[in-house]
Amino acid sequence: MLKRKKRLFHRARSSNNWPPYRRFQKHCKRELRRAEWKYINGTIQEGLDRNDTKPFWRFIKARKQDNAGVAPLKTKGQLHSDSQSKADILLNQFKSVFTKASSQPLPHLQSTAPDIPPITITVPGVTKLLRQLKVNKASGSDGIPNTVLKTLADSVGPALALIFQTSVDSGRLPKDWLSANVSCAFKKGDRHEPANYRPISLTSVLCKLLEHIIFRHIMSHFQAHKILTNLNHGFRSGYSTETQLLTTTSDLLQSFDQGKQIDMAILDFSKAFDIVPHDRLLLKLANYGITGPLHTWLHCFLAERSMQVVVEGSTSQPTIVDSGVPQGTVLGPLLFLSHINDLPQAVRSQVRLFADDCLVYREIDTFNDHHTLQEDLKRLESWTEKWGMRFNATKCYVRSISHKPPSTFMYSLNNTILKTVPSNPYLGILFSDNLKWRNHISSITKKANR
């Protein structure tokens, strides 16, 4: 049709007879629009039939066109738009949140689990992981495409199994596996502020395969000895935002139906994944039975990492990663869960954790319950100081849930009075002070209409 339209255009220009071309031009526009929507609907429906929502969200993202790439970044009052400057600015921003090893002595912990058994890596297991690689995923800093690894799984499997086993037994990793190309994901707020971007590490695919093996080995040890608290529903099989919301809402509704007041503190860790001190995390892992060569391997995995920021093809200078668990790796989430695993033991009120989201709430029967919740906030301050974490008090809120006007109390955290709000989002749900869904439904419909 487009070729025919082109021929009609040339014929109309030579004969000055334009009506046939105009009619066919409109017909082409209608058919193009119809074909586009047929393709879009077919692609989305095919994905939904497979229970895959990614095609839908890819379509939404393409239509929005407002979150692609890195915007010009502001530093010292000036905007920088060239890619090299943006890469250097983001590297300095990510470095600024790292924490150096504290001079304070490490806390003394008593072992809570037996030592983890040695890990044995088999050729069939490695070959199976290679065959399951997704070829459309990006290769890591070593530049080896997933297509090559998947196609040659039977050939390279034995060699990789030997390399993996040697790495674990010696507690060392190849240098390429410890370097990461960092891409940046925008969070929210001003796009020109470097602090509003989150680092995502693109690491070696081979290292991720070994991480996967070690992850399964450590998780089996944790499950066998019931080490991880059931109060954290993030990054775990069988747990999700739905299970977290169901258990939390059940607690709140039970107290609400009994006519009781519930005071709730919604707490926000500041740069949670980036400031985890390596020495304190490794101490906790040893306390959980992660000892021997595997403990040495994890020390190398954490303490000898380097990263460089990549923006629009330009690369910053590499820098050493002084703290934190690398985002974008397989082991990162599990290591973070291990670090905050003992947080619920520090307080007497009910705690709910989802990754780095922390919720502390308590029924308020007497005025002493206000003081108990405040004391729990003080205990959490002490816990963060002890383990090298910190809360961002300006992003922490308090909410009271009650049938009648609640008794008020000025809660504080880190010498900052926490703001009391009538409603606040938690894991995508807008909870109100009367547990009604009107505000949440209104917010969702407004967003959909936009």
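Start by selecting residues 278-287, which form helix H10 in this predicted model. Seven of its 10 residues are buried, so the helix is largely enclosed by the rest of the structure. Colour the buried ones next: they are His-278, Arg-280, Leu-281, Leu-282, Lys-284, Leu-285 and Asn-287.

What covers these buried residues? Show helix H11 (292-303), helix H12 (331-339) and helix H13 (367-387), which are among the elements that do. Before leaving, click on Gly-289, which follows H10 and has a positive phi, near 95 degrees.

The structure holds one cavity of 30 Å³ or more, and about 160 Å³ of space lies in the largest cavity. To centre your view there, select Ser-201, Asp-274, Met-307, Val-321 and Pro-326, the closest to its centre of the 16 lining residues. If you colour the lining by class, expect nine nonpolar, five polar and two charged residues.

For the last stop, select the cysteines. How many disulfides does a search of the whole structure find? The count is zero. Zoom in on Cys-358: the nearest cysteine sulfur belongs to Cys-396 and is 8.7 Å away. Is Cys-358 buried or exposed? Cys-358 is buried, with a relative accessible area of 1%.

Key
Residues numbered from 1 in each chain as written. Predicted model: local features only at pLDDT ≥ 70, side-chain atom pairs only at ≥ 80, totals over all residues. Heavy atoms only, no water. 1 Å grid on protein atoms, 1.4 Å probe; cavity = no way out; pocket = protein on both sides within 12 Å on 5 of 7 lines; lining within 4 Å. Points joined across faces, edges and corners; volume = space filled by probe spheres on them. Nonpolar A, V, L, I, M, F, W, Y, C, P; charged D, E, K, R; others polar. Disulfide = S-S within 2.5 Å. Buried < 20%, exposed > 50% of the residue type's maximum accessible area, 1.4 Å probe, protein only. Helix = DSSP H or I, 4+ residues; strand = E, 2+ residues; numbered from the N terminus. Contact = heavy atoms within 4.5 Å.
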